[in-house]
Amino acid sequence: MREIPVPRVTEKVKELFLTAAYYIGADVEAAVKAAAETEPSPIGKSVLCQLCENYQIAREEQVAICQDTGMAVLFIDVGQDVHFTGGDFEQAVQEGVRQAYSEGYLRKSIVDDPLFDRKNTGDNTPAILHLRIVPGDKVRFLVTAKGFGSENMSAVKMCVAADGEEGVRNFIVDTARKAGPNPCPPMIIGVGVGGTFEQAALIAKRMTARPVGSHNPDPRYAKLEADALAAINRLGIGPAGIGGRTTCLAVNIDFFPTHIAGMPVAVNICCHAARHAEGEI
Amino acid sequence: MQEYHLKLPLTQEDVQALRAGDMVYLTGPMLTGRDAAHKRLIQLLDEGKELPVDVRGQAIYYVGPAPASPGHAVGSAGPTTSYRMDAYTPQLLKQGLNCMIGKGRRSDAVRAAMREYSAVYLGAVGGAAALIARSIKSMEVLAYPDLGTEAIHRFTVENFPAIVLMDAHGGNLYESGPAQYREE
């Protein structure tokens, strides 16, 4: 049994959201820089260079990469030998989010009632928590702070077995085509195949945080990732959607067992300001 | 493709001269507004009431800025996706708004209203929010302070970089740009 006082949770959550908001991942920055070298559209190349300059300003001045610092989503793996002490675990997480957004000059973008009142909660809470109990005595965090420009362009489709590989690829490519300029391309696309309606979406969200340049270990899924990526980059959408060959930096797919009658597919689109951070206590 | 350095607010001559694909650098005052402020403005128009800000001949930037940290006039302030304002936009164009700054596609109704009332739609690079903030020299709240980031502000900008996405003559860079690079 390992005791963890909940203020340590607050502190870690705050640190991770600030890291995510100010510091772009090295994988994303390298991919945007590489694309700026090869992008044939002059205006597209100029957009990619502006993104690199923007990453640098955010890092050096400790300001948000993008003003939309998202809705806070946390994937937390709690070791089963951990005992949290000194307060409510979930409230400690929410407090970490509150402190990061308030003290870090991040925008508060959450409204309470989504349909009728739409009143800003003022501190970017509540965050959304996805918890798993795992072996061990550590607590692992993956936090994401996706903006809604890209979240709004995401989609779930209840495919069936007969749709096959082509059906999944077409759904991914069609979702990117429909999104066009809206989600701030070049995009990073997370895909969940299988499971249930909500499980596919959860996998897709996790996959937006898988490093750009990594591949699914199953060569069949890795090929699907590569094929979908190539097809999206032939759409012509380009950086900022104004034409070019750099429309998507990565298609990251993962899968989960599913029911004999179905094959849910979720496509979660993320912008080039792909903000996430990982940490452990 | 032309490059223009223009003073805000834009004149009708400026608006008529711009073509999709042109680069512009804007200097002067612009309004800000997004979902919640648009909803309120249109409600006032529907009730036949006066607007709290004069939109005639003005530019509006679809943005909800991040709070300014010490030493900054404004926090990160990139464009939000414009289609969410589409339901409200034709009425504001009818009131005389002549320039919108955002990102993403617009509806057919907005594009028709842009031709009818002579207005231009400019794009700022989505996500380049810290870079864009450098061209914003000051910010003040003009209306709806209770909306926080969604309030209507006046930004005073210097050499604010933007691309003409849709012009007053039907030109649309979101069609003509990708068409050059599509390989399907």
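The C-alpha centres of domain 1 and domain 2 of chain A lie 26 Å apart. This holds for a predicted model, to which the predictor assigns an ipTM of 0.94 and a pTM of 0.96 for the complex. Chain B has an average pLDDT of 96, and 100% of its residues score at least 70.

The two domains of chain A come from a domain assignment that places residues 2-20 + 65-146 in domain 1 and residues 149-273 in domain 2. Where they meet, nine residues of domain 1 of chain A are in contact with 10 residues of domain 2 of chain A. On the domain 1 side of this contact, strand 2 and strand 5 of chain A each supply at least two residues. Strand 5 of chain A gives the most to that side, with three residues. By class, the domain 1 side that touches domain 2 of chain A consists of five nonpolar, two polar and two charged residues.

Strand 2 (residues 71-79) and strand 4 of chain A run parallel and are joined by seven bridges. One bridge can be located by residue: A:V73 has A:I128 in strand 4 of chain A as its bridge partner.

The crossing of helix 1 of chain A with helix 4 of chain A is right-handed. From helix 1 of chain A, the contact residues include A:V6, A:V9, A:V13 and A:F17, and from helix 4 of chain A they include A:F89, A:V93, A:V97 and A:A100. Sorted by class, this contact has 11 nonpolar, three polar and four charged residues.

Strand 6 of chain A pairs with strand 9 (residues 263-270) of chain A in the antiparallel sense, over five bridges. Within these strands, A:A155 stands opposite A:V267 in strand 9 of chain A.

Another helix pair of chain A is formed by helix 6 (residues 164-179) and helix 8 (residues 219-233), whose axes come within 9 Å and cross at roughly 35 degrees. Helix 6 of chain A passes helix 8 of chain A in a right-handed crossing. On helix 6 of chain A the residues in this contact are A:E165, A:V168, A:R169, A:I172, A:V173 and A:A176, and they meet A:L224, A:D227, A:A228, A:A231 and A:I232 of helix 8 of chain A. The contact of helix 6 of chain A with helix 8 of chain A comprises eight nonpolar, no polar and three charged residues.

Some backbone details are found in the loops. The peptide bond from A:P185 to A:P186 is cis, with omega near 10 degrees. A:P186 is located in the loop between helix 6 and strand 7 (187-195) of chain A. Although A:A240 is not a glycine, this residue has a positive phi of about 60 degrees. A:A240 sits in the loop between helix 8 and strand 8 of chain A. In chain B, the peptide bond from B:L8 to B:P9 is cis, with omega near -5 degrees. The loop that holds B:P9 runs between strand 1 (3-7) and helix 1 (12-17) of chain B.

What remains is the contact between the chains, which takes 41 residues from chain A and 38 residues from chain B. Helix 3 (residues 42-61) of chain A contributes the largest share of the chain A side, eight residues. The chain A side that touches chain B divides by class into 18 nonpolar, 16 polar and seven charged residues.

Terms used. Residues numbered from 1 in each chain as written. Chains lettered and ligands numbered in written order. Predicted model: local features only at pLDDT ≥ 70, side-chain atom pairs only at ≥ 80, totals over all residues. Contact = placed C-beta atoms within 7 Å. Helix = DSSP H or I, 4+ residues; strand = E, 2+ residues; numbered from the N terminus. Nonpolar A, V, L, I, M, F, W, Y, C, P; charged D, E, K, R; others polar. pLDDT = per-residue confidence, 0-100. Pairing = 2+ DSSP bridges. Axes fitted to C-alpha atoms, helices over the stretch in contact; angles between N-to-C directions. Left-handed = near helix turned anticlockwise from the far one by under 90°. Domains from an automatic or database assignment.
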